[in-house]
Amino acid sequence: MPQLTASGHDLSSLGWDDSLAADLPGGAVPARVARVDRGAADVITADGHHHAQYAAPLRRAAAADPVALPCVGDWAALTRLPEGRHELQAVLPRTTSLVRGGVGRDSRGGLSGDSQGQVLAANVDVVFVAEPALHATDFADLGRVERLLALAWESGARPVVLITKADLVGEHLAGLLDDVAAAGPGVDLHAVCSITGEGVEVVRDHLAGSRTAVILGASGAGKSTLVNALAGEQVMETQQVRAGDGRGRHTTVHRELIPLAGGGLIIDTPGIRRVGLYEMSQGVDLVFSDIEELAESCRFGDCGHQSEPGCAVLSALESGELPERRLESWRKLQREAAWMARRGDARLRAEETRKWKIIHKSVRGRGRP
Ligand SMILES: Nc1nc2c(ncn2[C@@H]2O[C@H](COP(=O)(O)OP(=O)(O)OP(=O)(O)O)[C@@H](O)[C@H]2O)c(=O)[nH]1
Ligand SMILES: [Zn+2]
């Protein structure tokens with residue numbers, strides 16, 4: 001655990017909302033989950049920090065549905081046992097949850113989504129998508145920003161893009177910010193340099209009113225360095241400056257909720273190597289609202305934007321208004337989201353097929369002497 005500047009917190013400074021009180025079982029106090037580790041959690045309550053095991057009802061709920069497991073940012077019901085130990089009885093309903101799909105390999109060895117979702121953080125108000133201006137020798141990866149923005153929108157929290165390490169690109173920064181802004185229409189965008197402190201106060205403004213933010217991004221994006229800059233002290237370990245390719249090495253291994261002395265809370269996360277989409281209702285559409293808007297002007301209501309006459313998307317592509325990269329990225333994420341949506345059905349179908357195979361086999365078996 002990092003050293004915290006205050007040992008006790010009033011509940012509202014931890015992000016507590018009185019409307020949650022109705023879901024709190026009698027005899028329990030509200031506790032915010034700061035970190036989860038092998039079936040136990042570090043929590044923060046009005047009277048300080050505690051380590052808590054999971055009570056039997058919580059373990060049963062989690063066995064039935066892993067999404068019921070406590071995750072960082074959760075509000076949970078904490079009880080103190082007579083012998084002094086603490087237990088979490090239940091997780092209170094989440095106001096927002098950031099969920100990623102797993103990434104597995106399909107039967108042909110290709111990467112595919114996994115229907116097991118993983119809750120990365122709960123009850124966050126803001127999702128910071130941290131993308132370095134320069135990562136090794138590459139400029140900011142717009143595709144990664146779009147992917148993380150889809151997850152961020154889908155969480156119900158407000159997405160904000162942070163271009164970190166802004167000091168590394170010199171006069172290219174302005175052009176880079178234009179490109180990133182076009183990749184996230186309607187999303188606040190800030191350039192930050194955690195070393196000089198430039199832009200850090202603007203980031204802090206998003207946490208005013210005891211809001212909770214989570215920070216997502218690749219390993220080496222500078223997430224922990226920014227968290228330390230916000231905290232005004234070293235609360236997270238960061239990567240040592242090193243020679244070589246400068247790519248990340250995954251210094252942060254736990255997701256962790258950190259209350260900031262100046263107000264607000266931030267969840268640092270380990271670098272994301274590949275993140276799959278989980279079930280999307282609006283996430284992808286919101287990231288590509290510019291294309292969705294164009295599509296409304298297509299001649300045909302069901303235009304596939306492939307070669308149809310009067311396609312507004314293709315003409316924007318031709319005029320250069322819409323970059324080809326972005327159209328491809330939209331198609332890719334849409335395919336992935338559609339695949340995730342069908343995935344549940346596909347599992348059911350697989351069950352059905354298996355059942356019929358068994359029935360056929362037994363029918364055939366009976367027919368033989
Ligand atoms: N030039 C420059 N370097 C930075 C800046 N912010 C962070 N760095 C450096 O980038 C490297 C990675 O920073 P971290 O904060 O450890 O990155 P991280 O995203 O937390 O990485 P993981 O914990 O592996 O996910 C460190 O060597 C930092 O010193 C910045 O604004 N400018
Ligand atoms: Zn079209």
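The following dialogue explains how terms are applied to one predicted model.

Colleague: How do you know which residues and features may be discussed here?

Modeller: This is a predicted model, in which local features need pLDDT of at least 70 and side-chain atom pairs count only at pLDDT 80 or more, while totals for chains, interfaces and linings use all residues. Residues are numbered from 1 along each chain as its sequence is written, and chains are lettered from A and ligands numbered from 1 in the order in which they are written.

Colleague: What makes a run of residues a helix or a strand?

Modeller: Helices (H or I, at least four residues) and strands (E, at least two) are DSSP runs, numbered from the N terminus. The protein has nine helices and 15 strands.

Colleague: Why is Tyr278 called buried?

Modeller: A residue is buried if 20 or more other C-beta atoms lie within 10 Å of its own, exposed if 12 or fewer, and partly exposed in between, with C-beta atoms placed from the backbone. Tyr278 has 26 other C-beta atoms within 10 Å, and therefore it is buried. Tyr278 belongs to the loop between strand E15 (265–268) and helix H6 (283–287). Of the 369 residues in the protein, 38% are buried.

Colleague: What does Tyr278 touch, not counting residues up to four places away in sequence?

Modeller: Contact requires that the C-beta atoms of two residues, placed from the backbone, lie within 7 Å. On that basis Tyr278 touches Val99, Arg100, Gly101, Gly117 and Met340. A C-alpha distance can also be given: Tyr278 and Ala341 are 63 residues apart along the chain, and their C-alpha atoms are separated by 8.5 Å. For the protein, residues 24 or more positions apart account for 66% of the contacts with a separation of 6 or more.

Colleague: Is Ala174 buried or exposed, and what makes it so?

Modeller: Ala174 has 9 other C-beta atoms within 10 Å, so it is exposed. Ala174 lies in helix H3 (residues 173–183).

Colleague: Why do Asn123 and Ala136 receive their labels?

Modeller: Asn123 is called buried because 29 other C-beta atoms lie within 10 Å. Ala136 counts as exposed because it has 11 C-beta neighbours inside 10 Å. Asn123 sits in the loop between strand E7 (111–122) and strand E8 (126–132), and Ala136 in the loop between strand E9 (134–135) and strand E10 (138–139). The phi angle of Asn123 is near 55°, a positive value in a residue other than glycine. Phi of Ala136 is likewise near 55° and positive.

Colleague: What makes a set of residues a nonpolar core?

Modeller: A nonpolar core is a set of buried Ala, Val, Leu, Ile, Met, Phe, Trp, Tyr and Cys residues joined through C-beta atoms within 7 Å. The largest one here has 91 residues, and those with the most contacts inside it include Ala76, Phe128 and Ile266. Helix H2 (residues 142–155) supplies the largest share of this core, seven residues. Phe128 touches Val160, Leu162, Ala213, Val214, Ile215 and Leu216, not counting residues up to four places away in sequence.

Colleague: How do you know which residues surround ligand 1?

Modeller: A residue is near a molecule if its C-beta atom, placed from the backbone, lies within 6 Å of it. For ligand 1 there are 25 such residues, and the closest are Gly222, Ser224, Thr225, Thr252 and Gly271. Helix H5 (residues 223–231) gives the most to this shell, with three residues.

Colleague: What makes a residue of this shell nonpolar, polar or charged?

Modeller: Ala, Val, Leu, Ile, Met, Phe, Trp, Tyr, Cys and Pro count as nonpolar, Asp, Glu, Lys and Arg as charged, and the others, Gly among them, as polar. The shell around ligand 1 then has six nonpolar, 15 polar and four charged residues.

Colleague: Which residues does the UniProt annotation "binding site" cover, and why is Cys298 called partly exposed?

Modeller: The annotation, from an unreviewed UniProt entry, covers Cys298, Cys303, His305 and Cys311. UniProt positions are given in the numbering used here, feature names are shortened, and annotations may be inferred rather than shown by experiment. Cys298 has 19 C-beta neighbours inside 10 Å and therefore counts as partly exposed. Cys303 is also partly exposed, because 18 other C-beta atoms lie within 10 Å. Cys298 is in the loop between helix H7 (289–295) and helix H8 (312–319), and Cys303 is in the loop between H7 and H8 as well. Cys303 touches Ala295, Cys298, Glu308 and Cys311, not counting residues up to four places away in sequence.
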